[in-house]
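These are my notebook entries on one structure. I wrote down what I looked up, in the order I looked.

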Amino acid sequence: MIRGCAVSTFSESRRETVFFAFLGLCFNFHCQTAMAAAQRQGQDGHGDTEVEEVARQLVGLDVSDISSPPSHKPQPCDVAVTPQPRDVAVTPQPRDVAVTPQPRDVAVTPQPRDVGVRPQPRDVGVRPQPRDVGVRPQPRDVSTRPQARPVNTADHRFVYFDLETTGLELTCHITQIAAHSGEETFSRFVLPKKAISEGAQQVTGITCVGQQMYHHGQEVVSLSITHALDDFITFLGKEPVVLIGHNIKNFDCPRLLIALQACGLVEGFRRMVHGFVDTLPLFRELCPQAENHRQPTLYRHFLGQDYLAHDAREDVKALQQVVDRARPGHDAFTHHSFTLEHIIECQCYKAARDRLRAAWMVLVREGRISQYIADKASDNGLGWEEIRHTFLTDGEGAVRRLLTERLTNVQRIIDSIIQKLQSGGC
């Protein structure tokens with residue numbers, strides 16, 4: 001029974017398959033026929049209706065579904081992909097754009113403190129003075145020479161010293177420094193930057209050939225003035241001393257001060273040296289009967305022999321021997337003592353006097369006055385500017401009285417000076 005049903009069912013399915021296959025063949029045939037007819041009739045503008053009717057009768061389909069291949073509608077995946085924002089050339093974000101320099105990156109406009117500051121008057125052309133040069137006010141009254149202030153020599157150790165120089169002028173250079181204290185002796189040869197005069201070479205025996213120095217024909221080691229003075233200050237020790245020398249007030253001390261100022265060593269020297277004693281005036285009082293008071297003469301007078309003079313090393317030893325033999329008391333030393341400040345005051349006094357003399361030299365060159373009158377006027381503190389001012393304010397009579405009181409009573413000289421003032425030379 002079941003088998004019969006299965007066979008029956010299979011037969012029916014097969015019949016349906018055959019039927020639909022046949023129907024497909026018919027459909028293809030009629031479609032080809034219809035398409036051929038349509039091509040023939042399409043040129044005359046008819047035939048479409050007949051084809052459509054056949055198609056509906058066969059399968060109930062619309063002829064538009066079979067008359068031409070349906071155009072393939074692009075699916076989204078086939079469509080040319082519209083670039084997404086991430087694929088499009090990325091518009092530079094602010095962080096990628098060349099950063100506009102912020103104020104801190106921009107070249108900073110120099111502020112007033114960065115701009116080349118124009119030197120103020122106090123900074124303009126001011127030649128730096130050595131910080132340790134004790135500059136003293138110039139004396140108001142140039143006619144009065146500075147007075148020395150004594151030093152209590154009893155409280156200090158004595159150091160004898162001497163200098164040899166390139167000449168006798170104030171601007172000469174030092175060629176040898178020597179000192180002696182007790183049993184210790186110091187000596188340094190100094191290579192000068194000025195030529196040694198013939199007279200100095202004959203007296204001291206010191207000569208220079210290029211950068212090499214000789215003492216009585218023997219080569220010697222020489223130093224710069226700065227190194228020599230440094231060594232000298234070191235030799236003086238750690239306790240304040242009094243320097244003793246012969247004719248040092250007028251010769252050695254002024255030249256030593258100039259060298260110290262040039263090297264910037266005045267303060268270091270001042271800390272070690274509290275004063276000086278000049279033995280030339282001391283022995284003038286102590287030995288008025290001596291032939292003269294030059295050091296070699298005094299050495300012969302007290303020790304009865306000669307020594308190698310004008311060698312600074314021998315000079316300081318000989319002076320100590322003379323002082324030890326003469327034995328002057330501390331009162332005599334104190335009476336002829338003076339300070340470094342006194343040397344500085346004398347330096348200023350001389351500079352002021354030289355300025356006065358320079359003004360008077362105009363009249364000397366014109367033959368109106370002599371060199372002696374110019375020197376006398378300068379030594380008395382009488383300047384040409386003072387004469388001129390008196391003439392302009394008080395007249396000729398006041399000038400005559402001033403010249404008579406402070407310079408000369410020789411009418412010829414006074415008349416010559418008045419003529420200079422009247423001629424407009426003031």
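**Entry 1**

I looked up the open sheet and found 3 strands in the order 4-5-6, paired antiparallel. Strand 4 (206-209) and strand 6 (218-220) are at the edges with a single partner strand each, so one side of each has no neighbour in the sheet. On average, neighbouring strands of this sheet are turned by 40° against each other, direction ignored. For that angle, axes are lines fitted to C-alpha atoms (for helices over the stretch in contact), and angles run from 0 to 180 degrees between N-to-C directions.

I noted the terms next. Strands (E, at least two residues) and helices (H or I, at least four) are DSSP runs numbered from the N terminus. Two strands pair if DSSP finds at least two bridges between them.

I also noted where the model comes from. It is a predicted model, in which local features need pLDDT of at least 70 and side-chain atom pairs count only at pLDDT 80 or more, while totals for chains, interfaces and linings use all residues. Residues are numbered from 1 along each chain as its sequence is written, and side-chain values use heavy atoms, with hydrogens and water left out.

**Entry 2: strand 5 and its partners**

I went through the pairs of this sheet. Strand 4 and strand 5 (residues 212-215) run antiparallel and are joined by 4 bridges. In this pair, Thr-207 stands opposite Tyr-214. The two strands form a hairpin with 2 residues between them, and Gly-210 in the turn has a positive phi of about 65°.

On the other pair, 3 bridges join strand 5 to strand 6, again antiparallel. His-215 stands opposite Gln-218 in strand 6. This hairpin also has 2 residues between its strands, and His-216 in the turn has a positive phi of about 50°.

Which residues of strand 5 are on its covered face? I found Met-213 and His-215 there, with Gln-212 and Tyr-214 on the uncovered face.

**Entry 3: strand 3**

I then looked up strand 3 (residues 184-190), which runs antiparallel to strand 2 (residues 174-181) and is joined to strand 2 by 6 bridges. Ala-178 stands opposite Ser-187. The hairpin of strand 2 and strand 3 has 2 residues between the strands, and Gly-182 takes a positive phi near 65°.

Strand 3 also runs parallel to strand 7 (residues 222-223), with 2 bridges between them. Here Val-190 stands opposite Leu-223.

**Entry 4: empty space**

Rolling a probe the size of a water molecule over the atoms shows where empty space is left. The search uses a 1 Å grid over the protein atoms alone: a cavity is a set of points where a 1.4 Å probe fits but cannot get out, a pocket is an open set with protein on both sides within 12 Å along at least five of seven lines, and lining residues have an atom within 4 Å of a point. Grid points are joined across faces, edges and corners, and a volume is the space filled by probe spheres set on the points.

I read a volume of about 640 Å³ for the largest pocket. It is lined by 28 residues, and the closest to its centre are Asp-162, Leu-163, Glu-164, Phe-251 and His-310. Strand 1 gives the largest share of this lining, 5 residues. Among the other elements that supply at least two residues are helix 5 (248-263) and helix 9 (312-326). By type, the pocket lining has 12 nonpolar, 10 polar and 6 charged residues. Nonpolar covers Ala, Val, Leu, Ile, Met, Phe, Trp, Tyr, Cys and Pro, charged covers Asp, Glu, Lys and Arg, and polar the others, Gly among them.

How many cavities of 30 Å³ or more are there? I found 1 in the whole structure. Helix 5 gives the most to the lining of the largest cavity, with 4 residues. This lining has 8 nonpolar residues, no polar and no charged.

**Entry 5: cysteines and a lysine**

I counted 0 disulfides; a disulfide is a pair of cysteine sulfur atoms within 2.5 Å. The cysteine sulfur closest to that of Cys-348 is in Cys-346, at 9.4 Å, too far for a bond.

Is Cys-348 buried or exposed? With a relative accessible area of 12%, Cys-348 is buried. Buried means under 20% relative accessible area, exposed over 50%, and partly exposed in between (1.4 Å probe, protein chains only). Lys-420, in helix 15 (residues 411-422), counts as buried at 10% relative accessibility.
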